[in-house]
Amino acid sequence: MNPHEIDLHKELKKYFGFDQFKGLQEQVVKSIITGNNTFVIMPTGGGKSLCYQLPALVLGGTAIVVSPLIALMKNQVDAIRSLSSEYGIAHVLNSSLNKTEVNQVKKDITSGITKLLYVAPESLTKEEYLQFLNEVPISFVAIDEAHCISEWGHDFRPEYRNLRNIVRQLGDVPMIGLTATATPKVQEDILKNLDMPNANTFKASFNRPNLYYEVRTKTKNIQSDIIRFIKQHKGKSGVIYCLSRKKVEEIAHVLQVNGVSAVPYHAGLDAKTRARHQDMFLMEDVEVVVATIAFGMGIDKPDVRFVIHHDIPKSLESYYQETGRAGRDGGEGHCLAYYSYKDIEKLEKFLSGKPIAEQEIGFALLQEVVAYAETSMSRRKFLLHYFGEEFDDVTGDGADMDDNIRNPKTKVEAQDQVVALLKVVKGTKQLFKSKEVILALVGKVNAIIKAQKIDTQPYFGSGAGFDEKYWMALTRQALVDGLMTKDIETYGVLKLSKKGEAFITNPSSFMMSEDHEYNEEGDEAIVT
Ligand code: ADP
């Protein structure tokens, strides 16, 4: 059938029972059925699966869906089978199948029954499968969780790097990349690695207006603080994330003895206990799950009312993903993170054993977490900027839903300082990261400043009236306000935007608030 003649609403109803497309789905589906390389960036729950499932069902041939997790694949296949068993079949091809099962899958593909074939990236490299897939009609290849391709994503998988070459061997069919986490850097990596610079790109907003973001200082009283918070949210479901299994056990215990119904969840518990605890949470036999990041994959409880981070996570992608489990029904969702710089140092220590490239990326991601935690500007604006999205912190949807907006710090005029900052960026030929720019401002040297003779320039020390912390805060705000950008290639070199260039010659008011000070660190005491 001519793709332009397909009645997509009818097909949507027929296969999925839905009356309307959600968000950008219709445009994405159209892009795919007309044979275009397509890139889809939608937050979790945005409805990505349908974007490739519907085209697969209406097009001739079989669509290959590359997915990193066998468990997730199985869920998807079961779901699609239950929706449309009479029309088409979804299959999994992976190492868990025996010879007979593999033959059955091949038979169904050859006879045209199989519309969706889920494979793990490593299965796709198998010569036997490749040869077979080369001989059957393939409608397109969808690459789910496409951020796995990027070292800057939160789940880098080297096998994903090979996908482009493999797809070429299949006759260069259209490709669809899908992801729920995409900073501009990751997006660029995906498009580059899949070699589809001109792909039709569809990006949904990552704004979750019903989530309230709050950061509190982590002090020795954290446990009583958490208990108080939970008691204020009595009868509501919540998740508490901790970094270690030991901490999970400890907090779960402390909550239990303090009369909060809570269960632990981490990969060190046996599968039966994990499943039981998850069910207890879903069935509301307990109010709180205390968990490591092992908890959450595929959890679809719509009325999680709070997500607490006992320990700050290692990247803002993880933070966004984990807090995103709150308020999926559109109702209240309080996201509370406890922050202490000591935790950042712990995370840095974890990184120190890793290969250099991975360490550098890890440090850069951590710096963003620090910046988020310490900022006094709209947290929502900060997070969305991180994902490459503009947000108006006065009129935007959910603008008042964070602690910094509800309890603002006094703002001070910083117009002259912004000009000084931009002039140093310009004067140093837009070749340096914030560290060197700030050293140049305050008039301090390091090896790079010396080597580049920055200390002999007229602007050296032009910002000596303020300390490095002040300049760091101002740099972040200037970035979020779009006066500068961070170069994507180097992830950090500061560049002036057009708006920034204009600001130097024609400055206007720039109100800034200094970052929060978090200095009440201390060891935790167990409250029993
Ligand atoms: P993602 O993969 O982006 O996290 P899913 O594909 O799992 O999202 O979809 C999230 C939920 O939205 C699912 O429960 C799905 O059935 C539902 N959904 C998807 N598309 C539609 C639609 N057009 N109308 C109503 N519900 C939809």
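I looked up β5 first: strand β5 (residues 138-143) runs parallel to β6, and three bridges join them. Helices (H or I, at least four residues) and strands (E, at least two) are DSSP runs, numbered from the N terminus. Two strands count as paired if DSSP finds at least two bridges between them. Val141 has Met175 as its bridge partner in β6.

I noted that this is a predicted model, where local features need pLDDT of at least 70, side-chain atom pairs count only at pLDDT 80 or more, and totals for chains, interfaces and linings use all residues. Residues are numbered from 1 along each chain as its sequence is written.

I then checked β1. Strand β1 (residues 38-41) pairs with β6 over four bridges, in the parallel sense. Phe39 stands opposite Gly177 in β6.

Is β6 buried or exposed? Five of the five residues of strand β6 (residues 175-179) are buried, so it is largely enclosed by the rest of the structure. Buried means that 20 or more other C-beta atoms, placed from the backbone, lie within 10 Å of the residue's own. In a regular strand, side chains alternate between the two faces of the sheet. I found both faces of β6 covered: Met175, Gly177 and Thr179 are buried on one side, Ile176 and Leu178 on the other.

Next I read an open sheet of six strands, paired in parallel, in the order β8-β13-β12-β9-β11-β10. β8 (211-217) and β10 (262-265) stand at the edges with a single partner strand each, so one side of each has no neighbour in the sheet. Strand β9 (residues 237-241) runs parallel to strand β11 (residues 288-291), joined by four bridges. Val239 stands opposite Val289 in β11.

Conventions. Buried ≥ 20, exposed ≤ 12 C-beta atoms within 10 Å, placed from the backbone.
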